[in-house]
Amino acid sequence: MASGASCEYCAYFMYDDEIEEYVCDVNMDEDDFGRLMQSSFKECPYFKDGDEYKVVRHQM
């Protein structure tokens with residue numbers, strides 16, 4: 001993964017109370033999951049920066 005693009009900073013990285021672990025909560029179907037597992041990505045194609053204030057800092 002690229003610098004700063006780890007799961008810890010992703011908007012889809014959520015805590016699941018049932019299993020008491022952090023999980024990737026991106027909405028994908030079975031076909032998308034199969035392609036993700038078969039491909040060799042250098043970065044997660046679903047990464048979304050979870051920094052809510054990034055846009056605000058850019059506007060300043």
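## The salt bridge

Across the whole structure, a search finds one salt bridge, a term that stands for a side-chain nitrogen of Lys or Arg within 4 Å of a carboxyl oxygen of Asp or Glu. This is a predicted model, in which local features need pLDDT of at least 70 and side-chain atom pairs count only at pLDDT 80 or more, while totals for chains, interfaces and linings use all residues. Residues are numbered from 1 along each chain as its sequence is written, and side-chain values use heavy atoms, with hydrogens and water left out.

The partners in the salt bridge are R35 and D32, whose closest N and O atoms are 2.5 Å apart. Both residues lie in helix α1 (residues 30-38), where three residues, about one turn of the helix, separate them. D32 is partly exposed, because its relative accessible area is 22% and the class covers values between buried (under 20%) and exposed (over 50%), computed with a 1.4 Å probe and protein chains only.

## Overall make-up

The protein has two helices and two strands, and from the N terminus on its elements run β-β-α-α. Helices (H or I, at least four residues) and strands (E, at least two) are DSSP runs, numbered from the N terminus. Of the 60 residues in the protein, 7% are buried.

## The hairpin and its turn

Strand β1 (residues 13-16) and strand β2 (residues 21-24) run antiparallel and are joined by four bridges, where pairing requires that DSSP finds at least two bridges between two strands. Within this pair, F13 stands opposite C24 in β2. The two strands form a hairpin with four residues between them.

E20 is placed in the loop between β1 and β2, and its phi is near 55°, a positive value in a residue other than glycine. Most residues other than glycine have a negative phi. E20 counts as exposed, because its relative accessibility is 60%.

## A negative surface patch

D17, E18, E20 and E21 form a negative surface patch. Patches of this kind are made of residues with over 30% relative accessible area and no salt bridge, like charges being joined within 9 Å, and Asp and Glu count as negative. E18, which also has its place in the loop between β1 and β2, is exposed, because its relative accessible area is 77%.

## A contact across the chain

D51 is found in the loop between α1 and α2 (54-59), and at 30% relative accessibility D51 counts as partly exposed. Although D51 and Y9 are 42 residues apart along the chain, their C-alpha atoms are separated by 7.6 Å.

Notes
Patch = residues over 30% accessible without salt bridge, like charges linked within 9 Å, V, L, I, M, F, W, Y side chains within 5 Å. Areas by Shrake-Rupley, 256 points an atom, 1.4 Å probe, with all protein chains shown as cover. Charge placed at Lys NZ, Arg CZ, Asp CG, Glu CD.
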